Amino acid sequence: MFAKNAWYVACTPDALVAKPLGRTICGESMVFFRDADGRVAAVEDFCPHRGAPLSLGFVRDGQLVCGYHGLTLGRDGKPIRMPCQRVQGFPGIRSFPVIERHGFIWVWPGDAKQADPATIHHLPWADNPEWAYGGGLYRIACDYRLMIDNLMDLTHEAYVHASSIGQQEIEESVPVTRVEGDTVVTSRHLENILPPPFWASALRFNDLAHDVPCDRWQICRFFPPSHVMIDVGVAHAGQGGFDADPRHKVSGIVVDFITPETETSHWYFWGMARHFKPQDRTLTESIRAGQDKIFAEDREMLERQQLNLSQHPERQLLKLNIDAGGVQSRRIIERLVAQESGAT
Amino acid sequence: MFAKNAWYVACTPDALVAKPLGRTICGESMVFFRDADGRVAAVEDFCPHRGAPLSLGFVRDGQLVCGYHGLTLGRDGKPIRMPCQRVQGFPGIRSFPVIERHGFIWVWPGDAKQADPATIHHLPWADNPEWAYGGGLYRIACDYRLMIDNLMDLTHEAYVHASSIGQQEIEESVPVTRVEGDTVVTSRHLENILPPPFWASALRFNDLAHDVPCDRWQICRFFPPSHVMIDVGVAHAGQGGFDADPRHKVSGIVVDFITPETETSHWYFWGMARHFKPQDRTLTESIRAGQDKIFAEDREMLERQQLNLSQHPERQLLKLNIDAGGVQSRRIIERLVAQESGAT
Amino acid sequence: MFAKNAWYVACTPDALVAKPLGRTICGESMVFFRDADGRVAAVEDFCPHRGAPLSLGFVRDGQLVCGYHGLTLGRDGKPIRMPCQRVQGFPGIRSFPVIERHGFIWVWPGDAKQADPATIHHLPWADNPEWAYGGGLYRIACDYRLMIDNLMDLTHEAYVHASSIGQQEIEESVPVTRVEGDTVVTSRHLENILPPPFWASALRFNDLAHDVPCDRWQICRFFPPSHVMIDVGVAHAGQGGFDADPRHKVSGIVVDFITPETETSHWYFWGMARHFKPQDRTLTESIRAGQDKIFAEDREMLERQQLNLSQHPERQLLKLNIDAGGVQSRRIIERLVAQESGAT
């Protein structure tokens, strides 16, 4: 279950350098390439000639050439030429609205007429020289909503990530969830605690004492269709926490774009945007490597959870207060999907 | 098709040291762990909170802690605690009767009310200092009854195990099968033959001449639900065979616990108990390594046989005199399964 | 969809040296072996005793012995003996007409009564000392008809094989297709072109100038049920092309036996017969290695095309003039299959 009339992150620009990129998004098999103007295009990954995947072909002069017999298509999916053929009467293939913005490539897998670029999720830190970003991509074999649950309840850090960002105080503090229109916010504040290893390192990297009591925050925000942005950070205790002066804190935004591939798999674009030392590429890479290790810990748990749920579709799960973030996010998704099917 | 109201070997104690063990038995996904008293416990491998597999969690103070969000369960499957939660109203999960005995861990996947520890298969050689035991475990992708067939008709030794325990005289001698209540016994006696390589080695290990005529025996015993114990050995010819004085023979019991995993896969616990040189650990390991090699020869045959049968479910197979052991064993299983479904 | 009343290439003689060979042809699981006279035999790969695959057994005195319990069968699939058993009443298994000819082993997976060895495809170059042959075998996970399409339209050489036999002039020339009874012929002639790398090498190997204008031909011939023979070659320009004197040309026959395994997989026997330097084994191996590299390039395309078609069975594909060879070949196959089902 996913909304199709929505903008999803399809890939990052580095994945679209020389060859076309085949990727399935919300059950639609697509191929991405750049046209002659350098603009990203997305069409079905299915040549109308003999059904070959166009992602095995190549791009010539900004047009997509099938690698089997050379049928050449434009960014709108219409055949342009083919050796010794008149292609005017050839059927075209579907194209998808696609836009490059904020350092990501966004695609709209649903009804193209409803695609409004103004509704692409805004990333205030992107293209801002005071911020730096680093991230990565996993393919994870579970329903994307299990990943939303995971990120909207960070209680699991105390267990899954015990050696990096987990700490016992997390599980001793209940998060608070509120719904604001189509946004869900789950917040947890820890006061006067010692920073766990990941944040102790971040304090050191930022030239702050790392062995003193701190206040820590996690403010998870769900945005439709499936983005989760998490304000995270620590400040020296008593300096105002999340609102402390930058001289006393280290903070960032954990960025999660969770793009459905099929009903039971998704593309997980993860990363961190930070507001300190933006020029320090070594630091960017160091944080990226740390996150990579942390998110890999979620992977086995989520994929095995999916297997368990697939084997026991009849079982009711618990919805505790710590689960409220995921529960409310799913309600918003369900409402969007119902609107789509009602409109159809 | 398998009886569920029965004691099956689930694992050996060495598999239950530090972490909980997830294993599917008779279609039931279970997790095994030791409680605070060191007693083995078995519950469903499904956390009632969000469906995570409990086998990815850990044991703390003899309680099973889910590795995702920390729900803690006891050996009865009832929630005990969870950070910041009142768990009294939480649903529990199913627990399974489980007992450690004779060096194995036995589980009852069916109706717990009918589980009587007195009915666990007795192993007279276990815990007896005059005997030694060594063994191993395979997961084999075939119906467990194909393994019972295999072990209740050792004619195949002449083919599958031609280089170790097979010898031409085996196939020249028809085994005799008799049914005694719920037990099936298939016996084969070879007289005045030269011992094959495995038994020649065993004679040597036991300081007996190995290049002289011998009498050899194989007495296969099926016990419900799916255990096969085989008296095997050789004695110098004319000394009484199976009943010969220990000074003239070398003998043991091939131990086979055949535990269904699914309808088309099983856990095969194999080993040998021997009544000579029980303190000689090098000998134990040598025999174990020999058996490992022999049983691996059965594996490909059984898994490929399963594929053939799955592709041709309509075909009738032959039931020859050499097959009587397997045929009679299956009848007992069918009767037990019919009793169970009648009782339900 | 495949005709079963037809002769297909099952294997080459080198695959039938010591052990029996198991192989599925047109959905029939078969095992091949040589009888006491050295003649090839083919029976079902299913022992009538317990369903074990006979291909795991062995051949003794020209009879097929099951490797599980020793049931021994003849080339007609009838049980001959089994230790301690009277096999007269045992059911046999199906045998298939099979013949070794022209360096290949041919099997008839359909109604044995209709199998006439005279209808085996004739290979005039086989067993002719003026010709040499080298080839290989792939298992490819796609409908065999996609391979026929591939070979009856060599336009794809300009794309899939751009670095070896492809050249731009190919796609600029439309092939001509004609149907002659049950044979389809698709011809393409290129005049006054520079030979591509593969043919430049062949000219050099044949002591001919390779950097001069040439005429090139590709004459693809489909024969039922699924053989494609392609006359290929280059001649120095203006010497008569295909009909040029051997002193001015280098030529051969690309040999393709495309044997269905299942509806979505096939055995692809590929090779080249050449009419020059037949004694030069180094040349044979060199050409074989070149073809191996070229045909491996088709593999990914065809298997991914199959995946696309399986996901979108409802889509209509284009049938262009370049596709005529494949389209006409499929019509002949469809007619043969219709005849078979009508006759049944």
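**Exercise 1. Determine what share of chain A counts as buried, and compare its radius of gyration with that of a compact globule.**

Solution. Of the 344 residues of chain A, 48% count as buried; a buried residue has 20 or more other C-beta atoms within 10 Å of its own, with C-beta atoms placed from the backbone. The model is a predicted one, in which local features need pLDDT of at least 70, side-chain atom pairs count only at pLDDT 80 or more, and totals for chains, interfaces and linings use all residues. Residues are numbered from 1 along each chain as its sequence is written, and chains are lettered from A and ligands numbered from 1 in the order in which they are written.

Next, the radius of gyration, taken over C-alpha atoms, is compared with the globule rule of 2.2 Å times the number of residues to the power 0.38. For 344 residues a compact globule would have a value near 20 Å, and the 22 Å of chain A agrees with this.

**Exercise 2. Describe helix H5 of chain A and state what covers its buried residues.**

Solution. Helices (H or I, at least four residues) and strands (E, at least two) are DSSP runs, numbered from the N terminus. H5(A) covers residues 281-311 and reaches 45 Å from its first C-alpha to its last, close to the expected 45 Å; the expected span is 1.5 Å times one less than the number of residues.

Among its buried residues are A:Ile287, A:Gln291, A:Phe295 and A:Asp298. In an α-helix there are 3.6 residues a turn, so residues three or four places apart point the same way. The cover of the buried residues of H5(A) includes strands S11 and S17 and helices H1 and H2 of chain A.

**Exercise 3. Identify the pairing partners of strand S14 of chain B.**

Solution. Two strands pair if DSSP finds at least two bridges between them. S14(B) pairs with S13(B) in the antiparallel sense over eight bridges, and with S15(B), also antiparallel, over 10 bridges. B:Arg221 of S14(B) stands opposite B:Val185, and its bridge partner in S15(B) is B:Met229. Three residues lie between S14(B) and S15(B), which form a hairpin.

**Exercise 4. Characterise the side of chain C that touches chain A.**

Solution. Here 20 residues of chain C are in contact with 16 residues of chain A, contact being C-beta atoms, placed from the backbone, within 7 Å. H5(C) gives the most to this side of chain C, with six residues.

How values were computed: Two residues are in contact if their C-beta atoms, placed from the backbone, lie within 7 Å. A residue is buried if 20 or more other C-beta atoms lie within 10 Å of its own, exposed if 12 or fewer, and partly exposed in between; C-beta atoms are placed from the backbone.
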